[in-house]
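The following questions and answers examine a single protein chain. Each answer works towards the value or name requested.

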Amino acid sequence: MRLRELLHNIIDVNFDVKIKGVTCNPKRIKKGYLFVYVSEEHEKCVNGIIGASVIIANFAVHDAGIYIFHPNPQEIYSEIVSRFYQFKQPKYVAAVTGTNGKTSVVEFCRQIWQNVGYNAASIGTLGTCINNNRKDNSLTTPGAEDLYATLRDINNKSIEHLVLEASSHGIDQCRIHGLRLTAAAFTNFSQDHLDYHKNIDEYFEAKKRLFYEVLPKEKTAILNADIDEYYELLKIAKECSNKVVTYGKIASNIALIKQIPTQSGQHLTIKIGGEIYDTFFPVLGQFQAYNLLCAIGIVISSGVEGIYIDKLVSLPGRMEKVKPFAFVDYAHTPGALKQALLSLKWHFNKKIILVFGCGGNRDQKKRAEMGKIAQMYADRVVVTDDNPRNEDPAKIRHDILLYCSDALEIGDRKEAIEKGIDIAYNEGMILLVAGKGHERSQTVSGQTFAFNDVGIIKNHALTY
């Protein structure tokens, strides 16, 4: 593609060259590429870069083939990448943000669409899934160049409906700004990612940008009416002339009337508009009903009328039943951990032993909160390693144990899980292994090893 065509109506240029690729990653630069500076971390390596034909930045770049100034390169990056890959926008595109539940929402949406006969795709923590064919992603919201390369592949499969997770990082780094969204949804909000965002207010501001910066005016906002942040999000939606669809117990559009647990799911009574629906939802987790309602809001806004909830299936690492008494959940935030523990008691009415840890090089403040929640809502606790990354694992465990003093401390995660299995089986308890969910690796001291909580539980020998 020619540079002038690529930048038309974005930046006026008086020269033209052929562009062979677009990237914001210095490690991916090749001859003929356009490099767009989007991170302060890249500034020290931009000057003197060899290989890029064109560089767009908000500071002077020496020895660049062609240098173009823009005050906010990050803001235009996704639009440039989407043009370069020339993907055809699917008929319906929705983005889901919030602290917890994004993965479940996008997966439920894709399943519902497929169950009524549409070609559908979801993009998020569990990877890119196109009509049940899944490919792993490295990030919840892929970087713009990876995202649009994926979207180009989606075009080849005649996808009509697409839903993707919009993480606060992805929104803040403008990864999805080139998409023309039909709808945006919000799940819930609680503490997370304060290693990246300066404070909780900045974290919420990143989430809000999906609605006032990415979602076009006069499109649809699907909002949880039961959370404190609802009214602020509703105000943004009204200012942008968006159609608002509400869900929750006090919602006017999609209301949860009744919720009865079983050991294989839950019976739900849902009011959609003026109609009442009694159905069985074969997914564990009291909180999952809210994720289902959010998904219903998205699907209805896409024009689908027939929704078959009883055909939905559980997701890997989300309240995943591995043995009759052992469950794995991705809960790695205080709010998610609390909901997972409460849900298991709701379904099974038994004592719970919890095995969990906290990730290294991430928000350190949530260690205390998760320790308090473990102490309050679990009957037995084993504190172990999650992904220590480059932090001292013993220090992470110590930070948790300060607020969970009755817990066992077993650093080796495999050993900790096996101890949890033995206690749960011998004492008639329910085991919850939390934090890593579907993940298939563990990073310790900067090295990544194959590791899967589900596999450890499945392979543990018990005498029944």
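Q: Which backbone nitrogen does the side chain of Thr141 reach, and at what distance?
A: This is a predicted model, in which local features need pLDDT of at least 70 and side-chain atom pairs count only at pLDDT 80 or more, while totals for chains, interfaces and linings use all residues. Residues are numbered from 1 along each chain as its sequence is written, and side-chain values use heavy atoms, with hydrogens and water left out. A polar contact is a pair of N or O atoms within 3.5 Å; within protein, one must be able to donate a hydrogen and the other to accept it, and residues adjacent in sequence count only if both atoms are side-chain atoms. The side chain of Thr141 reaches the backbone nitrogen of Ser167, at 2.8 Å.

Q: Which backbone oxygen does the side chain of Thr141 reach?
A: Thr141 is in the loop between β8 (133–135) and α5 (144–155); helices (H or I, at least four residues) and strands (E, at least two) are DSSP runs, numbered from the N terminus. Contact means heavy atoms within 4.5 Å. Leaving aside neighbours within four places in sequence, the contacts of Thr141 include Ala166, Gly170, Arg175 and Ile176. At 2.8 Å, the side chain of Thr141 reaches the backbone oxygen of Glu165.

Q: Is Thr141 buried or exposed?
A: Buried means under 20% relative accessible area, exposed over 50%, and partly exposed in between (1.4 Å probe, protein chains only). The relative accessibility of Thr141 is 1%, so this residue counts as buried.

Q: How many residues of strand β9 are buried?
A: Strand β9 covers residues 161–165 and is largely enclosed by the rest of the structure. His161, Val163 and Glu165 point one way from β9, whereas Leu162 and Leu164 point the other way. In a regular strand the side chains alternate between the two faces of the sheet. The number of buried residues in β9 is five of the five.

Q: Which residue of strand β9 does Ile123 stand opposite?
A: Two strands pair if DSSP finds at least two bridges between them. Strand β5 (residues 92–97) runs parallel to β9 and is joined to it by five bridges, with Val93 opposite Leu162. Strand β6 (residues 120–124) also pairs with β9 in the parallel sense, over four bridges. Ile123 stands opposite Leu164.

Q: What is the angle between the ring planes of Phe186 and Phe204?
A: Rings of Phe, Tyr and Trp (its six-membered ring) pair if their centres lie within 6.5 Å; planes under 30 degrees apart count as stacked, over 60 as edge-to-face and the rest as tilted. By this rule the count comes to 11 aromatic pairs. Phe186 and Phe204 form an edge-to-face pair with 6.2 Å centre to centre, and their planes stand at 90 degrees.

Q: Where do Phe186 and Phe204 lie in the chain, and how many residues apart are they?
A: Phe186 counts as buried because its relative accessibility is 0%, and Phe204 counts as buried because its value is 9%. The pair links distant parts of the chain, with Phe186 in strand β10 (residues 183–186) and Phe204 in helix α7 (residues 200–214), and the two are 18 residues apart.

Q: Which residues do ring pairs link into a cluster?
A: The aromatic pair of Phe186 and Phe204 is edge-to-face. Ring pairs form a cluster of Phe186, Phe189, Tyr203, Phe204 and Phe211.

Q: Where does Ser241 lie, and what is its phi?
A: Ser241 is in the loop between α8 (230–239) and β12 (243–248). With a relative accessible area of 46%, Ser241 is partly exposed. Although Ser241 is not a glycine, its phi is positive, at about 55 degrees.

Q: What radius of gyration does the chain have?
A: The chain has 14 helices and 23 strands, and buried residues make up 57% of its 464 residues. The radius of gyration is taken over C-alpha atoms, and the globule rule is 2.2 Å times the number of residues to the power 0.38. For 464 residues, a compact globule would have a radius of gyration near 23 Å, and the chain agrees with this, at 23 Å.
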